[in-house]
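Subject: A structure for you to explore

Hi there,

Here is the structure I promised to pass on to you. Have a look around first, and then read my notes below.

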Amino acid sequence: KSFMDYPRVLIIGQPFNNRHGGGITLTNLFKGWDKSKIAVADSGHMMNDVTRDVCDTYYQLGNEEYKWLFPFNLIQKKYKSGLKSFGEKSVHPENETKNGIRYKLVNKFFYPFMQWLGIFYCVIRIKMSSQFRNWLTEFKPEVLYVQVTTRESILFVAELIDDLKIPVAIHFMDDWPSTIIKTGLFRNYWRKKIDAELKVLLDKVDLHLSISDAMSVEYKKRYGKDFMAFHNPIDTGFWLPHTKKDFAINKENVKILCSGRIGQNGISESLIEVASAIDKMNRDGLGIKLHIQTSTRDKSIINRLNEFHCVVFNPFVNYARLPEIFSGADILLLANDFDSKSKSYLQYSMPTKASEYMISGTPVLVYTSDLAAVSKFFTEHRCGYCISKNSEEEIINGIKFLIDNEEYRRTISNNAVNTSIHKFDAMKVRNEFQNLLSGLAASPKN
């Protein structure tokens, strides 16, 4: 595609980064787009660690757009509205904002209490400020790509669509609509209301995208719309030179690696269970270490994991080093929690790391409910060892089986590499995705 052909796209709700699944997926889908024709608008607290190789125009939705009712506006962190300029200093992880006592009080107690009372959903709005309108007039977007996960973002995007009158694609990464409201005094009222508002938004959207085939099937039933699945594609040229070739395992020094986000996103209890099982195995003479590589700073889960002898926290590394790190492990762990909230939230998700794990050639151990899309996928393609019972005994048997069976490890590795090339090759997936968006822009709204 020549640069002349790219429509100007405005992305709402997810900046580009190399730290989180959404940002990595976005990067791999939009790579190669004409940089002068791509821009992101998102809230200040999402603007940490943004990358600029694919897009360098970021509009920060700040206090001109985010409106909190009094007195809640008094405790909100103030973010400046407008285009972000990037100096030498890059804001590092979430530490900058996540450490203080204020952060803990607001996020651990105040917000959850407001959500429980049912007032959280009506004290915040995102409004079109004159500054944002002026910038939109200058940028002249021809197509909108949105990810929404909150009531205020649903309402804001619906307003934006009416205002801009350009074609829109929406992309779901997790099944957040089914878990957005689980508890609280007015949960049934808010669940129905937000569901109705989301349906209104989905009616305004031209292209509906999901993260997995399982999500597409479920959303067709739920919302009556045809969803196309776009999962994180992989740059095979970047990964294949490092793909695992040697499958020997030294039982006195077995390295199991879990990479990615952990904590209050449905990936905590399952990790604790695996760590506990490994400590038990090590008491019987094995030497297994569970390496965890994460940008998460959630002290509650990190402290609990640190109590296990087998757990090692790896330093966070540059994305470019992941291929050698993944293929250097003996087993890669993909674990989701088994409680009902986690199962609902992650049921239709395909974690960003799934395709990266597969192409690395390191055998994958999947510990999650058999209802999960990721478990179904690995089972169907025979490209991982799946444990779908919430049981320490099953974990121990699974790890032992993998360690003892080199031929089996080689087989699931080959299947995984071939499946990832066939299904997730970035050139193929990216072309399809970018052609769909370009096609949208070419068929303007009535």
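Let's begin with Asp34, which sits in the loop between α1 (21-30) and β2 (38-43). Please keep in mind that this is a predicted model. Asp34 is buried but has no salt bridge; Lys37, the nearest side chain of opposite charge, is 4.3 Å away. The side chain of Asp34 does have a polar contact of 2.9 Å with the side chain of Ser36.

Helix α5 covers residues 151-164. Among the buried ones are Ile154, Phe156, Val157 and Leu160. Just after α5, Lys165 takes a positive phi of about 50 degrees.

Helix α9 (residues 269-283) has 15 residues. From first C-alpha to last it reaches 21 Å, close to the 21 Å expected. Its buried residues include Leu271, Ile272, Val274 and Ile278. Just after α9 comes Gly285, with a positive phi of about 100 degrees.

That brings us to backbone angles. Most residues other than glycine have a negative phi. Which residues go the other way here? One of them is Asp49, with a phi near 55 degrees. Asp49 lies in the loop between β2 and β3 (58-61), and it counts as buried at 11% relative accessibility. Another is Arg382, whose phi is positive at about 45 degrees. Its place is the loop between α14 (373-380) and β16 (385-387), and with a relative accessible area of 62% Arg382 is exposed.

Now for the salt bridges. How many are there? The count comes to 16 salt bridges. Here are some to find on your screen:

- Arg133 pairs with Asp163, their closest N and O atoms being 3.0 Å apart. Arg133 is in helix α4 (residues 130-139) and Asp163 is in helix α5, so this pair ties together parts that are 30 residues apart in sequence. Arg133 is partly exposed at 34%, and Asp163 is partly exposed at 36%.
- Lys225 pairs with Asp203, with the closest N and O atoms 2.7 Å apart. Lys225 is in the loop between α7 (213-223) and β10 (227-229), whereas Asp203 belongs to helix α6, so the pair ties together parts 22 residues apart in sequence. Lys225 is buried, with a relative accessible area of 18%, while Asp203 counts as exposed at 55%.
- Asp404 pairs with Lys251, the closest N and O atoms being 2.9 Å apart. This pair links distant parts of the chain, 153 residues apart: Asp404 is in helix α15 (residues 392-404), and Lys251 is in the loop between α8 (236-239) and β11 (254-259). Asp404 is partly exposed at 48%, and Lys251 is partly exposed at 43%.

There is also a network of salt bridges that links Arg151, Lys193 and Glu197.

Finally, turn to the surface. Which residues form a nonpolar patch there? They are Phe113, Trp116, Leu185, Phe186 and Tyr189, with about 570 Å² of accessible area together. Phe113 is in helix α3 (residues 101-117) and counts as partly exposed, at 48% relative accessibility.

Enjoy exploring!

Best wishes

Key. Residues numbered from 1 in each chain as written. Predicted model: local features only at pLDDT ≥ 70, side-chain atom pairs only at ≥ 80, totals over all residues. Heavy atoms only, no water. Helix = DSSP H or I, 4+ residues; strand = E, 2+ residues; numbered from the N terminus. Buried < 20%, exposed > 50% of the residue type's maximum accessible area, 1.4 Å probe, protein only. Lys, Arg positive; Asp, Glu negative; His and termini not counted. Salt bridge = Lys/Arg side-chain N within 4 Å of Asp/Glu carboxyl O. Polar contact = N/O pair within 3.5 Å; in protein donor to acceptor, adjacent residues only side chain to side chain. Expected span 1.5 Å × (residues − 1). Patch = residues over 30% accessible without salt bridge, like charges linked within 9 Å, V, L, I, M, F, W, Y side chains within 5 Å. Areas by Shrake-Rupley, 256 points an atom, 1.4 Å probe, with all protein chains shown as cover.
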